[in-house]
Amino acid sequence: MASFTAYTTLRLFLDGMLTMMGLYALLSYFQQRKAIYWQYALYIACMVIDLRLSDVGYAKPDYLPGAFYPETFVETVAYMLYIRFTILLINPAEQDPIAYRVMQALIIAFAIALALDTVLYLANASAAVRSGIYMGERLLMTLVGLYLIPRFFRLRNNVVSYFIAGSLLLVLGSIAALLTNYLPPENRLQPDNAFTFPVTLLQIGVVGEVLFFTLGMSLRNRENEREKIQYQAQLIEQLRENERKQERLQRIRDDIARDLHDDVGADLSGISLLSQVAARQVDEQPDQAQATLKVIRQRTRRVVATMREIVWSLNSAQTSLESFSYRLQETAGQLFEHQSTVLHLQLPVDDADWTLPAEGRRDLFLMVKEMLHNVIRHADAQNAYLTLWVEQNMLCIAVRDDGQGFVVQLNGNRVGNGLRSMQQRAAAINGQLMIESIPGIGTTVTFRCPLTLNELAVV
């Protein structure tokens, strides 16, 4: 047991541990190209050299702590690297700006202390003076380190926990080394008892610190990899969402192209043919020419209305619920203008707080328009009611009539293409379409979908 605790044997063992950790940090830098590794490897190298220089200093008969300039120089550089490494490891600039500023000031303090010691050394100041200044500086900086450790406790993450444990071991080792210098001469520097040497206690603190810091860096790497995986997953989800948006936009373009071809194109072709007919009828059949011109006028109004709907659906500025209400009011009025059914509207035209996205706006409008068309074509009603309201962040639209009604068979042949189209549009904007009808009493079609103050939830 005495041979193991002998100073030289224990020192070689501890030097070997530090050297292996330094090589690990250096190889990690070549593998990952992160500055934190080469700075940590340089810090370990400086500590090994400093501890060896301490041996040279203690071998001097008149040795005093801090009086051997090469040792003090390397030690100070090591501590500056240590603080810089700590900043890279725990990133206090974001988590604790006060601690970050204190650490930056500590680096400057070490630099000033090194410059002062260099000046005193070149000026041949006495060893006692330089040692006294050194001890005072190191004690003050140790107290600053003890002030920082409780602040780091508040950060509460696993990497910081390893850093705190390692730093605490280093501080305790430094304090123990300083106190050993004040033991009685007969109890110090006994070769058969390694623990009577201040360097041994300091190096044990350094080894413990290096082990904990290495574990902390390993944990940090795992967290970084986990963050990369999460970031990649977010990118993939964002790409998928962009694809879904592109599909919705493409569907809108296809719908508009179909409307232009089927409705506007057919009406324009009909207007062209009717214009030729009217030109022939003007001289020979003026009464029929008037009727033909009336049909042309009706189709022209229909083309204008269709074009206005398309332009409205493409206009990014027309996204408010207020604009949607105005558009519904105008369209519904035109549809029922020459109908025997009386239309009753209840629309919040003065509500500008809610907005609808372009992807869902067109489907919503066409769905309500299809509801109104169904009333005109099939209900044979005296009254129709179009109501729009917001309830518990839900957009609610109801079209009710007092017409002939029908038997609702959602899975049977009774549901026509119009109702199927409405169900598809409702599903496209993440809404629910409910149909209630009683033969001889009337029909109510209600649509509900999520709504927020700035966005209609479209999935």
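Which helix supplies the largest share of the lining of the largest cavity? That share comes from α7, with 8 residues.

## About the model

This is a predicted model: local features need pLDDT of at least 70, side-chain atom pairs count only at pLDDT 80 or more, and totals for chains, interfaces and linings use all residues. Residues are numbered from 1 along each chain as its sequence is written, and side-chain values use heavy atoms, leaving out hydrogens and water.

## The chain as a whole

The protein chain has 13 helices and 5 strands; these are DSSP runs numbered from the N terminus, with helices being H or I of at least four residues and strands E of at least two. Of its 459 residues, 44% are buried, that is, under 20% relative accessible area with a 1.4 Å probe, protein chains only.

An unreviewed UniProt entry places the feature "transmembrane region" at residues 12-30, 37-53, 73-90, 102-123, 129-149, 161-183 and 195-219. UniProt positions follow the numbering used here, feature names are shortened, and annotations may be inferred rather than shown by experiment.

Two of these stretches can be followed in the model. Residues 37-53 are 100% helix and 0% strand, with end C-alpha atoms 24 Å apart. Residues 129-149 are also 100% helix and 0% strand, and there the end C-alpha atoms are 31 Å apart.

## The largest cavity

Searching the whole structure turns up 2 cavities of 30 Å³ or more. A cavity here is a set of points on a 1 Å grid over the protein atoms alone where a 1.4 Å probe fits but cannot get out, and lining residues have an atom within 4 Å of a point. Grid points are joined across faces, edges and corners, and the volume is the space filled by probe spheres set on the points.

The largest cavity has a volume of about 550 Å³. It is lined by 34 residues, of which Tyr-79, Arg-138, Thr-142, Leu-170 and Ser-174 are the closest to its centre. At least two lining residues come from each of α3 (35-58), α4 (69-90), α6 (97-122), α7 (127-153), α8 (158-180) and α9 (198-284). The lining has 22 nonpolar, 8 polar and 4 charged residues; Ala, Val, Leu, Ile, Met, Phe, Trp, Tyr, Cys and Pro count as nonpolar, Asp, Glu, Lys and Arg as charged, and the others, Gly among them, as polar.

## The second largest cavity

The second largest cavity holds about 70 Å³ of space. Among the residues lining this cavity are Asp-117, Arg-130, Glu-137 and Arg-138. Its lining divides into 6 nonpolar, 2 polar and 4 charged residues, and α4, α6 and α7 each supply at least two of the lining residues.

How values were computed: On a 1 Å grid over the protein atoms alone, a cavity is a set of points where a 1.4 Å probe fits but cannot get out, and a pocket is an open set with protein on both sides within 12 Å along at least five of seven lines; lining residues have an atom within 4 Å of a point. Buried means under 20% relative accessible area, exposed over 50%, partly exposed in between (1.4 Å probe, protein chains only).
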